[in-house]
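Hi everyone, thanks for coming.

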Amino acid sequence: MSGAPEVLREYGQPGAAPVIQGRHTYGSITDKIADLALERRSGRSFWLALGVTSVLAVVFAVSLIYLLVVGTGIWGLNNTVDWGFMITSYVWWIAIGNSGTFISAFLVLLRQRWRSSINRFAEAMTIFAVAMAGLLPIMHLGRPWFAYWLAPYPGKMNLWPQWRSPLEWDFFANTVYLILSILFWYLGLLPDLATLRDRARHRWQQLTYGLLALGWRGDARHWHHYESAYRLLAGLGAPLVISVHSVVSIDFAFSNLPGWHSTIFPPYFIGGALYSGLAMALTITIPIRAIFKLQDFITPRHLANLAKLMLACSFVLTYTYMTEMFTAFYSADKFEIATALDRLTGPYAWTYWLTIFCNVVLPQSIWFRRVRASPVALLIITVIINVGMWTERFMLIVTTLHRTFLPSSWHSFVPTFWDWSTLIGSLGSFVLLFLLFARFFPVISMAEMRRLNVRVSGVDR
Amino acid sequence: MSDGGRQPGCYGLMAEFGGSQEILEAVRASRGAGYRRIEAYTPFPVDGLAEALELRKSPIPLLTLIGGILGVAVGWFIQWYSAVIDYPINSGGRPLNSWPAFVPTIIELGILGACLCAFGGALLLSGLPRLRHPVFDTPGFERVSCDRFFLCIRSDDPLFDRERTHAWLAALSPLRVASTPIHPGEPA
C-alpha cells in the first residue's frame with residue numbers, strides 16, 4: 001500500500017496543494033456527497049437557476065418546433081452560406097463532449113488519480129453535450145424526419161446509406177460515442193447508486209435508486225469484473241474520441257474548398273476539442289465546487305492541473321493557426337490565399353481576431369501562479385475561451401463559404417432571431433440537464449474517492 | 001472436495017470490519033484456515049482482494065475482444081454487401097468495393113461491439129441485475145456501500161460449522177459477527 005515516498009511520487013512535489021483536503025474517512029466522504037443528492041434542500045439559487053434554464057429549454061423546444069413547421073428558411077442561411085449556427089454549434093458541442101472523455105478515459109489510463117474528483121461531471125458533461133451535438137445536425141438536415149435514412153436497414157425502398165461520405169461516418173461515430181459515454185458513465189455510477197439506495201429514507205428514493213443500482217452489493221467478484229470492464233471502456237473511449245473528432249474535421253477537409261481542404265484538420269480539431277472541453281469542465285466545476293462546498297475534494301490542485309492542460313492545448317491550437325496561414329500562402333494557390341486574406345481582413349475579420357485573442361493571447365495569463373490559484377479568474381478566462389472556440393468554428397465555416405469561386409454568388413451570413421434562440425436554447429437545455437443531474441445523482445464518485453483517500457492519507461477507516 | 005450442502009435457513013456467517021487492510025488479512029487468514037466458499041463485500045475495489053480470494057482472471061478482456069471482432073465483421077459485411085451486391089452504383093468508374101472508405105465505419109462498429117460486450121459482460125458475470133439477494137438481510141449490511149467491509153463464510157463451505165466458524169470469525173477481531181438468513185427456496 002501507499003507509504004510516504006509513494007505518496008510523494010504520485011501526488012507531486014511537496015508543497016503542492018493536496019488532492020483531498022482535511023481529514024476524511026470513508027464515512028465522511030459518503031455523508032458529504034450522498035447527502036447532496038438525498039438530503040439537501042434545494043436553495044433559492046437552485047430554483048432560480050432551474051427556472052431560468054427551464055424557460056430557455058422551452059425556447060429551444062419552440063425554436064425546433066417552428067423549424068419543423070416552417071423549414072430551414074427561418075435561419076440566416078442562403079444558397080452560398082449553407083452551414084451556419086447549427087453546424088458551428090454542433091462542432092462546438094461535440095468538442096466539449098470529447099474533453100469529458102479525455103478527462104475520464106485518458107487520465108484513468110495514465111493513472112492520474114486526481115481525476116477521481118472530477119471525472120463524474122466530466123462524463124455527465126460529455127453525455128449532455130453529445131446529446132445537444134446530435135440534435136443540431138439532425139435539425140439541419142432540412143427534412144429531419146428522414147434522419148433514420150442514415151442508418152443501414154433492409155427497408156422496402158431498398159436504400160442504403162452512402163458509405164463513402166464523411167457525413168455517414170459522422171453518424172456512426174457520434175452514435176457509438178453517445179452509447180459508449182452512457183455505458184461508461186452508468187458503470188461508474190452503479191456503486192454510488194447502491195450507496196444512495198442504502199441511505200435513502202424516502203420510499204420513492206429507495207425504489208428509484210434501488211432499481212437503477214441493479215442490485216449492486218459490493219461483492220469482490222463484482223468489483224473484479226467492474227474494474228476490468230471500466231478500464232477497457234476507458235481504453236476503448238480513448239481511440240473513439242480521437243476518431244469522432246477526426247471524422248468531424250473530415251466533414252470539412254474532404255471538401256475541395258479553400259480553408260477547409262487540409263490534412264492538418266484532424267489534429268487541429270482534436271486539439272481544439274480538448275481545449276474547449278477543458279475550458280467547459282472548469283466553467284462547470286468552479287461554480288459547482290462553490291455551491292456544493294466541495295472544496296475538500298476539488299482542491300486548487302485540480303483547478304491548476306486543468307488550467308495547465310488547457311494552456312498546453314492552447315499551444316497546439318496556436319501552432320495550427322500558424323500552420324494554416326503558412327500553408328495558405330506557401331501553396332501559391334490563388335483561392336487559398338484569397339480565403340486567408342479574407343479571414344485576416346475581410347468582413348468577418350473580427351471573428352478571426354476575436355478567436356486569436358480568446359484562444360491564443362488570453363490563456364497566456366495562466367502562466368501566472370496567481371491566476372491558476374484564483375477560481376474567479378479561471379472562471380472568467382474559461383468562459384471567454386468557450387466564446388473564442390465557438391467563434392473559431394463560426395469563422396472557419398462562414399469565411400470559407402461566403403466567398404465562393406464564383407464572385408457572382410458571393411453572399412453574407414446574418415444570423416436571425418431563430419439562429420440565436422436555438423443557440424441560447426441549447427445552452428440553457430444543457431445547463432438544465434446538468435442541474436438535474438447534480439441534484440439527483442452524486443456529483444463525485446464516492447467509491448473512487450474512498451480509494452483515493454486511503455491512498456493519499458493512509459486513513460483506512 | 002465434498003460439498004457440505006447448505007445448512008437450512010442460513011446463507012452464511014458475516015464478519016464486519018472497519019478497514020480495507022483488516023478484511024484483506026481476514027480473507028487471507030480464512031483461506032489459510034481451509035475455508036473455500038468465502039465472499040467479501042467492500043465499499044470500493046480493494047487492491048489485492050481478488051488475489052486473496054483466488055478469483056479467476058476476469059474473462060471480460062476476452063469477451064471485449066470477441067465483441068470487437070464481431071463488430072468489425074458486421075461493419076465490414078454490411079458495407080460490402082450493400083455497396084457491391086445489393087445496391088451497386090457506378091460512380092465515375094470507381095470500384096464498388098472501395099474498402100478504404102469503409103474503414104471509419106468499421107472502426108466505430110468494432111468499438112461499439114467491444115463496449116457492449118465489456119458492459120454486458122460485467123453485468124452478466126456479476127449476476128446483475130438482481131435486485132434481491134440474501135446478503136441484504138445481514139444486520140448492518142447497508143453500510144457496505146459506505147464504510148464497512150464484510151467477510152462472509154457461506155454455509156455450503158465444507159468446513160462450515162455454525163459454532164466453530166462463528167468462533168473463527170470472532171477470533172479475527174471484527175466489529176461484529178452476524179448470521180445471514182436465507183429464505184427456503186431462494187437461490188443463493
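Okay, chain A has 16 helices and zero strands; helices here are DSSP runs of H or I with at least four residues, strands are runs of E with at least two, and both are numbered from the N terminus. Its radius of gyration is 23 Å, close to the 23 Å that the globule rule gives for 461 residues, so chain A is as compact as a globular protein of that length. That radius is taken over C-alpha atoms, and the rule is 2.2 Å times the number of residues to the power 0.38.

Quick housekeeping: this is a predicted model, local features need pLDDT of at least 70, side-chain atom pairs count only at pLDDT 80 or more, and totals for chains, interfaces and linings use all residues. Residues are numbered from 1 along each chain as its sequence is written, while chains are lettered from A and ligands numbered from 1 in the order in which they are written.

Back to chain A. Along the principal axes, its C-alpha atoms fill a box of roughly 75 × 55 × 45 Å. Of the 461 residues, 49% are buried. By buried I mean 20 or more other C-beta atoms within 10 Å of the residue's own; 12 or fewer is exposed, in between is partly exposed, and the C-beta atoms are placed from the backbone. Now take contacts, meaning C-beta atoms, placed from the backbone, within 7 Å. Among those in chain A between residues at least 6 apart in sequence, 82% join residues at least 24 apart.

**Two helix pairs**

Let's start with helix 5 (residues 119–140) and helix 6 (residues 166–199) of chain A: their axes come within 10 Å and cross at roughly 155 degrees. The axes are lines fitted to C-alpha atoms, for helices over the stretch in contact, and angles run from 0 to 180 degrees between N-to-C directions. Helix 5 and helix 6 of chain A are therefore roughly antiparallel; for the record, under 35 degrees is roughly parallel, over 145 roughly antiparallel, 65 to 115 roughly perpendicular, and the rest oblique. Their crossing is left-handed, which is the label when the near helix is turned anticlockwise from the far one by less than a right angle; clockwise is right-handed. The contact includes A:V130 and A:G134 of helix 5 and A:W185 and A:G188 of helix 6. The residues of that contact divide into nine nonpolar, five polar and one charged. Nonpolar covers Ala, Val, Leu, Ile, Met, Phe, Trp, Tyr, Cys and Pro, charged covers Asp, Glu, Lys and Arg, and the others, Gly among them, are polar.

Next pair: the axes of helix 8 and helix 9 (residues 265–291) of chain A come within 8 Å and cross at roughly 125 degrees. So helix 8 and helix 9 of chain A are oblique to each other, and this crossing is right-handed. Where they meet, helix 8 brings residues including A:I242 and A:F252, and helix 9 brings residues including A:F265 and A:Y268. By class, that contact has 11 nonpolar, three polar and no charged residues.

**A few residues worth a click**

Go to the loop between helix 7 (203–212) and helix 8 (220–253) of chain A, and you'll find A:A213. Is A:A213 buried or exposed? It's buried, with 23 C-beta neighbours inside 10 Å. Leaving aside neighbours within four places in sequence, A:A213 is in contact with A:L190, A:L193, A:A194 and A:R197. The C-alpha atoms of A:A213 and A:L190 are 5.3 Å apart, though 23 residues separate them along the chain.

A:L214 is in that loop between helix 7 and helix 8 too, with a positive phi of about 60 degrees although it is not a glycine. A:L214 is partly exposed, with 17 other C-beta atoms within 10 Å.

**And where chain B comes in**

How many residues of chain B are in contact with chain A? 55, and they touch 50 residues of chain A. Helix 4 of chain B gives the most to that side, with 17 residues. By class, the chain B side has 34 nonpolar, 15 polar and six charged residues.

One last stop: the peptide bond from B:L128 to B:P129 is cis, with omega near -5 degrees. B:P129 is in the loop between helix 4 and strand 3 (149–154) of chain B. That's my tour, thanks!

Methods:
Two residues are in contact if their C-beta atoms, placed from the backbone, lie within 7 Å.
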